[in-house]
Amino acid sequence: WVEEIEPQAVILQSWDPLVIPGCLQTPDYARALISSTCPADQVEERVLARTRRVHLFDRPDAPIYLALVDENVLHRPIGSVAILADQLGHLLKLSQHPRITVQVVPVAAGCVVGLLSAFSLARLRGGAEIVSADSWLSGQVTGDFEAVAQLKVRYETIRADAYSQSMSQRAIEEAAAKWASSI
C-alpha cells in the first residue's frame, strides 16, 4: 500500500475508528502505538516509515486526502496526555493543508457501520480503485470490484454523519486545548 498504491493515488480516503491515521501521526504518537506490538529493535525504523508518509502531500502531483476519524480518537491519550496534545495540534495543522481534509465523526452518530475496522480507499491515476482493510492479524489490499464498491458505500455512509471540515477543525482544536491544559 505505502510503496505502490499511495504514490500513484489521485485520491486517498481513510476511515479509522480507533487512532489517528498513520500518515498524519507524530513520531511520538506513532512510537507509542508501534512499540506496543513491535520488537524494540524495529520501532524507530517503523516510526520513520510511518511519519515520513505525510511528505506525499507536498509533491506537485500530490493526491487529495480525505480522512474520517471517530471523535473518540480525540480523547484517547495514546502514549500520554502530552503526546495526545501534541498529536492533536499536529492534526489541526495538517487539516489546514490544501490537499488534506480531516472530518470528525461525532460519537452521537453511533456509526455502527464503521466500527468493524479501519480501511482506506485509493483511486489511482489510471482510474483503478484499490482498498486496504485492516484486521487484527493483517491488512488486506485488493482491487476486487465488489470489495471496493462495498467499502465506498460504507465510507460515504460514515461521511454522511461527519462534522463539516470547519466544525471538525473546531472539535480538534477544543480537544487539543483540553489536553494541553491538563499537562
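User: How many residues are in the largest nonpolar core, and which have the most contacts inside it?
Analyst: The largest nonpolar core has 37 residues, and Leu-24, Tyr-29 and Leu-88 have the most contacts inside it. Just keep in mind that this is a predicted model.

User: Ok, which helix gives the most to this core?
Analyst: That's H3, with 7 residues.

User: And what does Tyr-29 touch?
Analyst: Leaving out residues up to four places away in sequence, Tyr-29 touches Val-19, Ile-20, Val-73, Ile-78, Ile-83, Leu-84 and Gln-87.

User: Switching to H5. Which of its residues are buried?
Analyst: Ser-168, Gln-169, Ala-171, Ile-172, Ala-175, Ala-176 and Trp-179. Looking down the axis of H5, these buried residues fall within an arc of 160°, so they line one face of the helix.

User: What covers them?
Analyst: The cover includes helix H3 (81-94) and strand E3 (100-105).

User: What's on the face turned away from the buried side?
Analyst: There you'll find the exposed residues Glu-174 and Ser-181.

User: Why does Ser-168 count as buried?
Analyst: Its relative accessibility is 0%, so Ser-168 counts as buried, the cut-off being under 20%.

User: What does the side chain of Ser-168 reach?
Analyst: The backbone oxygen of Tyr-163, at 3.3 Å. Not counting residues up to four places away in sequence, Ser-168 touches Val-102, Gln-103, Val-104 and Tyr-163.

Conventions. Residues numbered from 1 in each chain as written. Predicted model: local features only at pLDDT ≥ 70, side-chain atom pairs only at ≥ 80, totals over all residues. Heavy atoms only, no water. Buried < 20%, exposed > 50% of the residue type's maximum accessible area, 1.4 Å probe, protein only. Helix = DSSP H or I, 4+ residues; strand = E, 2+ residues; numbered from the N terminus. Arc of directions from axis to C-beta. Contact = heavy atoms within 4.5 Å. Polar contact = N/O pair within 3.5 Å; in protein donor to acceptor, adjacent residues only side chain to side chain. Core = buried A, V, L, I, M, F, W, Y, C linked by side-chain atoms within 4.5 Å.
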